[in-house]
Amino acid sequence: MKKLIVATSNVGKLKEMQEYLEEFDLQLGLKPSELEIEETGMSFMENAILKASQVSKILNEWSIADDSGLMVDELNGQPGIFSARYGKTDFDRINRLLGELEGKNNRQAKFVCAVAISNSRGQIIIKTEGICEGEILTERRGESGFGYDPIFFVPEIKQTFAQMSPELKRKISHRGKAFASLTPLLKSLLIR
Ligand code: IMP
């Protein structure tokens with residue numbers, strides 16, 4: 001396996017994957033934008049598996065997909081797999097979440113990221129998951145990052161994701177952890 005299709009048409013996500021997989025001699029490519037895979041799974045892992053295996057089957061290539069989002073305890077795990085669809089913009093999504101948690105004491109939450117790699121026949125060969133535990137603040141703090149970063153506070157670091165350097169977030173985030181678990185598995189697959 002030398003070529004790996006990233007099951008997204010988002011250039012930003014391709015770049016991010018390139019960074020996580022930079023130690024490998026892999027040629028990463030975007031899936032064609034006209035090839036839309038509906039995220040009908042009930043979990044992050046189901047969606048990652050669905051995206052990787054569908055893209056592989058259609059293109060007859062190995063592929064990698066991830067799916068991620070924020071699960072808030074007080075909201076029974078919501079927005080979860082609906083994190084991207086929780087509002088029209090990041091600003092709206094954060095406002096909605098702050099509104100739903102107004103006056104609530106339980107601010108526990110976690111970011112989850114699932115990653116799946118499929119072979120060219122659509123069989124899932126590697127799957128890993130990463131979790132980052134934190135708390136939802138009552139107001140925004142920090143300017144970096146994207147999505148829910150300004151309200152997601154990591155107690156051990158005493159910073160929100162939006163206050164962290166990209167290097168630190170990369171190391172401790174749900175995505176960083178999912179890729180840290182994936183790396184040794186991919187290594188042993190590539191030297192086989
Ligand atoms: P996707 O897996 O890239 O589709 O991400 C789903 C949604 O979860 C994003 O649109 C964000 O709203 C949210 N999300 C996932 N990862 C992060 C993160 O690291 N920071 C902030 N928001 C995130």
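**Ligand site and local backbone features of the predicted model**

Lys158 is placed in the loop between strand E6 (152–154) and strand E7 (159–160); helices (H or I, at least four residues) and strands (E, at least two) are DSSP runs, numbered from the N terminus. The structure is a predicted model, in which local features need pLDDT of at least 70 and side-chain atom pairs count only at pLDDT 80 or more, whereas totals for chains, interfaces and linings use all residues. Residues are numbered from 1 along each chain as its sequence is written, and side-chain values use heavy atoms, with hydrogens and water left out.

Although Lys158 is not a glycine, its phi is positive, at about 60°. Lys158 counts as exposed, at 64% relative accessibility; here buried means under 20% relative accessible area, exposed over 50%, and partly exposed in between (1.4 Å probe, protein chains only). A positive phi of about 60° is also found at Asn60, which is not a glycine. Asn60 is located in the loop between H2 and E3 and is exposed, with a relative accessible area of 54%. A further backbone feature is the cis peptide bond from Gln78 to Pro79, with omega near -5°. Pro79 belongs to the loop between E3 and helix H3 (90–100).

A polar side-chain atom of Lys13 is 2.6 Å from an oxygen atom of the ligand. For Ser68, an N or O atom in the side chain lies 2.8 Å from a ligand oxygen atom, and a polar side-chain atom of Lys169 is likewise 2.8 Å from an oxygen atom of the ligand. Taken alone, the ligand exposes 480 Å², of which the protein buries 87%; accessible areas come from the Shrake-Rupley method with a 1.4 Å probe, and for residues only the protein chains shown count as cover.

The largest pocket holds the ligand. On a 1 Å grid over the protein atoms alone, a pocket is an open set of points with protein on both sides within 12 Å along at least five of seven lines, and a molecule sits in a pocket if more than half of its atoms lie within 2 Å of its grid points.

A polar atom of the Thr183 side chain lies 2.7 Å from the backbone oxygen of Phe179. Glu46, in helix H2 (residues 44–59), is partly exposed at 41% relative accessibility. The Glu46 side chain reaches the backbone nitrogen of Met42 at 2.8 Å.

Note on methods. A polar contact is a pair of N or O atoms within 3.5 Å; within protein, one must be able to donate a hydrogen and the other to accept it, and residues adjacent in sequence count only if both atoms are side-chain atoms. On a 1 Å grid over the protein atoms alone, a cavity is a set of points where a 1.4 Å probe fits but cannot get out, and a pocket is an open set with protein on both sides within 12 Å along at least five of seven lines; lining residues have an atom within 4 Å of a point.
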